[in-house]
Amino acid sequence: MEFQLETNRLYLREISELDIDDLYEMDSDPEVHRYLFQNPVKNKKQLLEVIKMIHQQYHENGIGRWAVINKETKECTGWAGLKYCREPLNHRSDYFDLGYRFKQKHWGKGYATEAARAIIDFGFTTLNIDVMVALTDPEHHKSKKVLEKLGFDLIEVFDYNGYPTNWYELSKNNWIKLNDSSSA
Ligand SMILES: CC(C)(COP(=O)(O)OP(=O)(O)OC[C@H]1O[C@@H](n2cnc3c(N)ncnc32)[C@H](O)[C@@H]1OP(=O)(O)O)[C@@H](O)C(=O)NCCC(=O)NCCS
């Protein structure tokens, strides 16, 4: 299968139905869904529907969540990517949302940061996006840490169907500035 992006330790490629066992291991884990409305999947059929939706995003927007593959073991460790959101949320619509999700056994290895860095770079340089958005639960300290390390700014906390949610943004200009200063 064609790789979209490569980092030191990871390949990113389109998600396929062949990833279903790995995705099920991840998405049936209540800990993985702790800050995702606490609704882990109950069967693989539900995941096949999710994969269909992701394929629709590839088809309609040329982008979507990608499988994150460990280069050495070839395991699908989770997913990360940009989703184009047309529907209004928090008074915004038509924006790119950065997201990531990994099997619990792979947390704390820096995969989210490594995969997201490559995706952000691709989004700003190849897709020429102006601003990216990311959402997280205010209590989700790991995810907040990842976003802050990448340079996202907390814009506001809004009410997402009754759940307080952090709305973060990162502009292309800030990304360029941060990366120029880190290589200086
Ligand atoms: C959130 C998630 C993607 C993070 O993935 P990860 O690969 O473990 O993240 P990384 O290792 O790249 O970075 C995590 C950072 O959080 C830090 N961290 C861990 N626990 C923390 C805590 N309690 N408070 C603050 N920072 C914490 C780590 O030290 C690390 O920072 P460092 O590299 O500067 O040391 C992963 O936990 C996950 O898949 N969770 C389930 C799905 C999910 O919640 N997705 C995000 C929805 S917004």
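Mentor: Happy to! F122, for instance, lies in helix α3. Keep in mind that the model is predicted: local features need pLDDT of at least 70, side-chain atom pairs count only at pLDDT 80 or more, and totals for chains, interfaces and linings use all residues. Numbering starts from 1 along each chain as its sequence is written.

Trainee: Why is F122 called partly exposed?

Mentor: Count the other C-beta atoms, placed from the backbone, within 10 Å of a residue's own: 20 or more makes it buried, 12 or fewer makes it exposed, and anything in between is partly exposed. F122 has 18, so it falls in the middle class.

Trainee: Which residues does F122 contact, leaving aside neighbours within four places in sequence?

Mentor: They are L5 and L127. Contact here takes C-beta atoms, placed from the backbone, within 7 Å. L5 is 117 residues from F122 along the chain, yet their C-alpha atoms are separated by 8.3 Å.

Trainee: What makes N166 buried?

Mentor: N166 has 21 other C-beta atoms within 10 Å, which meets the buried cut-off, so the label holds. N166 sits in strand β8. Among the residues N166 touches are L135, T136, K144 and V157, again not counting residues up to four places away in sequence. Q4, 162 residues from N166 in sequence, is 29 Å away in space, C-alpha to C-alpha.

Trainee: How do you know that the length of helix α2 agrees with its number of residues?

Mentor: The expected span is 1.5 Å times one less than the number of residues. Helix α2 has 18 residues, 44–61, so it should span 26 Å; its end C-alpha atoms are 25 Å apart, which agrees. Just after α2 comes G62, with a positive phi of about 70°.

Trainee: Which residues have a positive phi although they are not glycine?

Mentor: F37 is one of them, with a phi of about 65°. F37 lies in the loop between α1 (20–27) and α2. With 11 other C-beta atoms within 10 Å, F37 is under the limit for the exposed class, so it counts as exposed. N161 also has a positive phi, of about 50°. N161 is in the loop between β7 (153–160) and β8, and its 7 C-beta neighbours inside 10 Å make N161 exposed.

Trainee: Why is strand β3 called largely enclosed?

Mentor: Five of the six residues of β3 (65–70) are buried, so the rest of the structure largely encloses this strand.

Trainee: What makes β3 and β4 paired strands?

Mentor: Pairing asks for at least two DSSP bridges between two strands. β3 and β4 (76–85) have five and run antiparallel, so they pass. In this pair, I69 has C76 of β4 as its bridge partner. The two strands form a hairpin with five residues between them, and K74 in the turn has a positive phi of about 70°. β2 (10–14) is also joined to β3 antiparallel by five bridges, with L12 partnered by V68.

Trainee: How do you know that the buried residues of α4 line one face?

Mentor: The buried residues of α4 are S143, V146, L147 and L150. Seen down the helix axis, they fall within an arc of 95°, so they line one face; the arc is that of the directions from the axis to the C-beta atoms. On the other side, H141, K145 and E148 are exposed. The buried residues pack against α3, β6 (131–136) and β8 (163–171).

Trainee: Which residues come nearest to the ligand?

Mentor: Of the 22 residues around the ligand, those are W107, A112, T113, H141 and K145. To be near, a residue needs its C-beta atom, placed from the backbone, within 6 Å. β5 (95–102), α3 (111–125) and α4 (141–150) each give two or more residues to this shell, and α4 gives the most, with six.

Key. Helices (H or I, at least four residues) and strands (E, at least two) are DSSP runs, numbered from the N terminus. Two residues are in contact if their C-beta atoms, placed from the backbone, lie within 7 Å.
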